[in-house]
Amino acid sequence: MSDPIPLLTSMGQVLATMSLYGEGHPARHRALDASYRQLQALAATDPRPRFAFLDGEVVYQDRVLRELKEWEWAVRFAAVGIERLEMRDAVSREEFEGFLYEVYDRLSGVAARPSEARQLARTSIRFGAVALRGEEQPDEGSTAFAVASLAYSLRDEVDGIGWVHEEVKRTGQLPLLETEALVRSLALAMHSQQGMVLPLLQLKEFDQYTTTHASNVAVLSMGLAEFLGLAPRDVRALGVAGLLHDLGKVRIPLEILVKPGAFTEAERDIMQRHPRDGADIILGGEQDLDLAAVVAFEHHMWLDGRGYPGKRFARDVHFASRLVHICDVYDALCTTRPYREALPSEVALAHVEADAGTS
């Protein structure tokens, strides 16, 4: 993977230099030249770098840049409407300078000059707000913000989930910042303007099942929550819950987790501990993730009393747990496992509908 960090940090240095020195000062030109060299170096390995700046997080292509999690310019960019940035083809030195001057003007509260706006309409640099489903796109060539339209593979998100699981194994603590950034990245993929409303992954290797499944359940949970008309904050909370519902499986030995045949009674007992373990891990941190902990604990409980862990007294299963449970079952049915082939979507949906009122 190409390293975009030198480019981004150099862009921040250009903007800082602009605030210290007036137009035409040699320091501005030196900073711009140095930053443009970083762009050329990145373009040598990645001719179309793409960035997202969301809630203080920086996403490059589909990967969260954890090294820049406290980079102040990410917040500033998003505050002036630059949530997406895409550099296409060969960006000229003049285009790059024009873009940074446009950013500086926005940060300074200065309206874009007409000549610069006309230039930006033709530039190889596109930037603007993230488009959500249903938002209209500006016409091509418009001087308004160009809304980035990017495809997602979600493979980096799966790698990120794997990293989260490894951190939990190593430290016993859940890295909340990275977890929330992954959910934001999945939400962007879900809302991308590529006709991929629910961009679910197909399993490539069985030992990736837990991470691939977590990604899919997060996306499905957010999609279903939006369909039900829940508020954006609740949609994201359900995305986090979906992402973490199987977190307790980090404590299951791999040979049991990937076993192709039937479990022994002892192995089944170990497997069925993962809801409790997941809730314990989530509640063991200092983060306010009560909903995710409840979902982790309850996601294998059925409305009719079946499932695990068993209830000590009669009570309803939380609405969020029921929602994630449905998405969990659907994705599991649609995934090829060592002991059965994946079911077609319509067959899986029929199974879910047949269990309505019980699961």
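1. The side chains of E86 and R48 form a salt bridge in this predicted model, with an N to O distance of 3.1 Å.

2. How many salt bridges does a search of the whole structure find? The search returns 10. Among the residues concerned, D33, R93 and E97 are linked in a network of such bridges.

3. R170 is exposed, with a relative accessible area of 62%, while E167 is buried at 16%.

4. K259 and E267 also meet through their side chains in a salt bridge, at 2.6 Å from N to O. Is E267 buried or exposed? Its relative accessibility is 18%, so E267 counts as buried, the cut-off being under 20%. K259, at 23%, counts as partly exposed.

5. Helix packing deserves a separate point. The axes of helix α1 (residues 5–20) and helix α4 (residues 93–107) approach within 10 Å and cross at roughly 60°, which means that α1 is oblique to α4. Their crossing is right-handed.

6. Helix α9 (residues 232–244) and helix α13 (residues 290–298) have axes that come within 9 Å and cross at roughly 40°. These helices are therefore oblique to each other, and the crossing of α9 and α13 is right-handed.

7. Helix α14 (residues 319–333) packs against helix α15 (residues 345–354) at an angle of about 140°, their axes lying 9 Å apart. This angle makes α14 oblique to α15. The crossing of α14 and α15 is right-handed.

8. On the surface, F227, L228 and F319 make up a nonpolar patch, and together they have about 350 Å² of accessible area. F227 is part of helix α8 (residues 209–227) and counts as exposed because its relative accessibility is 69%.

9. A79 is found in helix α3 (residues 72–79). Its relative accessibility of 66% means that A79 counts as exposed. The C-alpha atoms of A79 and F53 are separated by 9.5 Å, the two residues being 26 residues apart along the chain.

Methods. Residues numbered from 1 in each chain as written. Predicted model: local features only at pLDDT ≥ 70, side-chain atom pairs only at ≥ 80, totals over all residues. Heavy atoms only, no water. Patch = residues over 30% accessible without salt bridge, like charges linked within 9 Å, V, L, I, M, F, W, Y side chains within 5 Å. Areas by Shrake-Rupley, 256 points an atom, 1.4 Å probe, with all protein chains shown as cover. Salt bridge = Lys/Arg side-chain N within 4 Å of Asp/Glu carboxyl O. Helix = DSSP H or I, 4+ residues; strand = E, 2+ residues; numbered from the N terminus. Buried < 20%, exposed > 50% of the residue type's maximum accessible area, 1.4 Å probe, protein only. Axes fitted to C-alpha atoms, helices over the stretch in contact; angles between N-to-C directions. Parallel < 35°, antiparallel > 145°, perpendicular 65-115°, else oblique. Left-handed = near helix turned anticlockwise from the far one by under 90°.
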